[in-house]
Amino acid sequence: MRSLTFNFLKLLIGFQFPTVEEINCDQLAQLLLDSAKPRPLLLDARSQTEYAVSHIETAVRIDPLTEDLAAVATASKDRPIVVYCAVGYRSAKLAQKLDEAGMKCIYNLSGGIFQWANQGRPIFQNGHPTKVVHPYNAIWGKLLKATYHAQEC
């Protein structure tokens, strides 16, 4: 059921944000390991509360509603930017905004941090590995394997 729901969400996000390029968890993991390519700038488009529970290593939190993109504007033009949120919707919206602002090499992480964690990939809190993710809310949290649920919601 989880896989079917993720596939539906990917279709919905693709329909609503047709110009946003997607990157999947396998591709991002390879990009993070490839020292021959510029390391991507990871932008976490979740709330401060969600980010504080855990995030992908080196990710910088950015308010998805922000109009001030100055922090991103300093990124090298050849450095890819990967935006993620819980499942990919908020990050797709931000990726579209970055693209419209003239940024290049913008990708939305398909399935977001939920998919990343569900695949057993590393997540961090305060620079230390952790095993939990903020479930966003009770409904969306069903897409996150129960073993990765933070107790707060």
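Q: Is Tyr136 buried, exposed or partly exposed?
A: Tyr136 is partly exposed, because its relative accessibility is 37%. The cut-offs are under 20% relative accessible area for buried, over 50% for exposed and partly exposed in between, with a 1.4 Å probe and protein chains only.

Q: What are we looking at, and how are residues numbered?
A: This is a predicted model: local features need pLDDT of at least 70, side-chain atom pairs count only at pLDDT 80 or more, and totals for chains, interfaces and linings use all residues. Numbering starts from 1 along each chain as its sequence is written, and side-chain values use heavy atoms, with hydrogens and water left out.

Q: Where does Tyr136 sit?
A: In the segment after strand S7 (128-130). Helices (H or I, at least four residues) and strands (E, at least two) are DSSP runs, numbered from the N terminus.

Q: Which residues make a nonpolar surface patch with Tyr136?
A: Ile139 and Trp140. The patch covers about 320 Å². Patch residues have over 30% relative accessible area and no salt bridge; like charges are joined within 9 Å, and nonpolar side chains (Val, Leu, Ile, Met, Phe, Trp, Tyr) within 5 Å. Accessible areas come from the Shrake-Rupley method with a 1.4 Å probe, and for residues only the protein chains shown count as cover.

Q: On to charges. How many salt bridges?
A: The count is 3. The rule asks for a side-chain nitrogen of Lys or Arg within 4 Å of a carboxyl oxygen of Asp or Glu.

Q: What does Asp26 pair with?
A: Arg121, at 2.3 Å from N to O. The pair links distant parts of the chain, 95 residues apart. Asp26 is in helix H2 (residues 25-33), and Arg121 is in the loop between helix H6 (112-118) and strand S6 (123-125). Asp26 counts as partly exposed, at 47% relative accessibility.

Q: And which residue does Arg46 bridge to?
A: Asp44, with the closest N and O atoms 2.8 Å apart. Arg46 and Asp44 are both buried.

Q: What about Glu50, which partner does it have?
A: Glu50 bridges to Arg90, and their closest N and O atoms are 2.9 Å apart. Glu50 lies in helix H3 (residues 48-53) and Arg90 in helix H5 (residues 89-100), so the bridge ties together parts 40 residues apart in sequence. Glu50 is buried, at 2% relative accessible area.

Q: Switching to cysteines. How many disulfides turn up?
A: A search of the whole structure gives 0 disulfides. A disulfide would need a pair of cysteine sulfur atoms within 2.5 Å.

Q: How far is Cys85 from the nearest cysteine sulfur?
A: 12 Å, and that sulfur belongs to Cys25. Cys85 is buried, with a relative accessible area of 1%.

Q: How far is Asn126 from Glu57?
A: Their C-alpha atoms are separated by 9.5 Å. Along the chain, Asn126 and Glu57 are 69 residues apart.

Q: Where is Phe15, and how far from Lys37?
A: Phe15 is in helix H1 (residues 2-16). Phe15 and Lys37 are 30 Å apart, C-alpha to C-alpha, and 22 residues apart in sequence. Phe15 is exposed, with a relative accessible area of 71%.
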